Amino acid sequence: LLCVGKMPQRKSLENHTVGSGFVLVGFSDHSSLQGLSFTVFLVIYLMVLTGNSLIALITVVDSSLHSPMHFFLRNLSFLEICYTSVTLPKMLVGFLMEDGRISFLGCAAQLYFLVWLGSIECLLLAAMAYDRYIAICHPLHYTLIMSKGLCIRLVVGSWMAVVPVQVGQTYQVFTLPFCASHDLHHFFCDVPPLLELACADTFWNQVVLYTIILVFAVLPFSLIVISYVKIIGVILKIPSVLGRHKAFSTCSSHLGVVTLFYGSATVVYLKRRTRDSVDTDKYLALFYTIVTPMFNPIIYSLRNKEVRIALKRLLWTK
């Protein structure tokens, strides 16, 4: 890639970047499938909005779902709506207009909200794992430990703790000088593809990126794993098969969401990005940005008996 100007001319270079913005290449390689892609992703977006809105609604209106687990589920559903709304509307416009251009400020905003909401999801999933650990391993103290105040603090802390960190990372990325080619080989603005366009040393950007991944992704995932190791140990000690099945069924939906989200995100962010893996990374990114939010209400409605009953009750009443 050819750099526009030299390093001492950083001010003029940044002005050029602000004016021209970026081009989200996305899935434009399959130009003959633009119409089909628009239809598919529009249906997925409507499913995400409808399914997660229903989950959030029934956990509010149905008094039987006013438990800590469903309080976290309600926040997760709201988060999934916000998460997909950062990327999918822009994708749909790109398919419809066959134009992937995004402004410099628009790209910065998309990056900030995406990494902010993604980090919050990691923390929320860890909080939900802690809730299941207390429910199964310390059932007699569940209502005392998982009080309303603690649940609110966990959720508010998840939403607020990431804000200053992601503001700093976004500022660090978008003060880099970018090269003449502004084609982002992705369907949204993300840190790795943006760093590939930088005409400067990105070592400290990489250090910051992996530090954030360690703190807000790897550490919560480690807590989830530890929680489930202890949960499985307790479940295996339950004498009856029915009791073991009932205990595990309360965790299976959460485990499904964790597997989908972390499985794809881990591969994308922790493996080395190469030219040959660009397309693979884009398809894997679909799982944690779009597929997981779509399957979240499906998994919880199929695997959670209380949610199924409340949903039927709401639909029959209406």
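The legends below describe close-up views of a predicted model.

**View 1. The largest pocket and the residues at its centre.** The volume of the largest pocket is about 390 Å³. Its lining is made up of 23 residues. Those nearest the centre of the pocket are Cys-122, Ile-213, Ala-217, Ala-265 and Tyr-269.

**View 2. Helices that line the largest pocket.** Helix α9 supplies seven residues, the largest share of the lining.

**View 3. Residue classes in the lining of the largest pocket.** Of the lining residues, 18 are nonpolar and five are polar. No charged residue is found in the lining of the largest pocket.

**View 4. Helix α4 along its length.** From the first C-alpha to the last, the 34 residues of α4 reach 50 Å, close to the 50 Å expected at 1.5 Å a residue. Because 28 of its 34 residues are buried, α4 is largely enclosed by the rest of the structure.

View 5. Gln-169 belongs to helix α7. Its relative accessibility is 4%, so Gln-169 counts as buried, the cut-off being under 20%. Leaving aside residues up to four places away in sequence, Gln-169 touches Val-115, Val-191, Val-208, Leu-209 and Ile-212.

Technical notes:
Residues are numbered from 1 along each chain as its sequence is written. This is a predicted model: local features need pLDDT of at least 70, side-chain atom pairs count only at pLDDT 80 or more; totals for chains, interfaces and linings use all residues. Side-chain values use heavy atoms; hydrogens and water are left out. On a 1 Å grid over the protein atoms alone, a cavity is a set of points where a 1.4 Å probe fits but cannot get out, and a pocket is an open set with protein on both sides within 12 Å along at least five of seven lines; lining residues have an atom within 4 Å of a point. Grid points are joined across faces, edges and corners, and a volume is the space filled by probe spheres set on the points. Helices (H or I, at least four residues) and strands (E, at least two) are DSSP runs, numbered from the N terminus. Ala, Val, Leu, Ile, Met, Phe, Trp, Tyr, Cys and Pro count as nonpolar, Asp, Glu, Lys and Arg as charged, and the others, Gly among them, as polar. The expected span of a helix is 1.5 Å times one less than its number of residues. Buried means under 20% relative accessible area, exposed over 50%, partly exposed in between (1.4 Å probe, protein chains only). Contact means heavy atoms within 4.5 Å.
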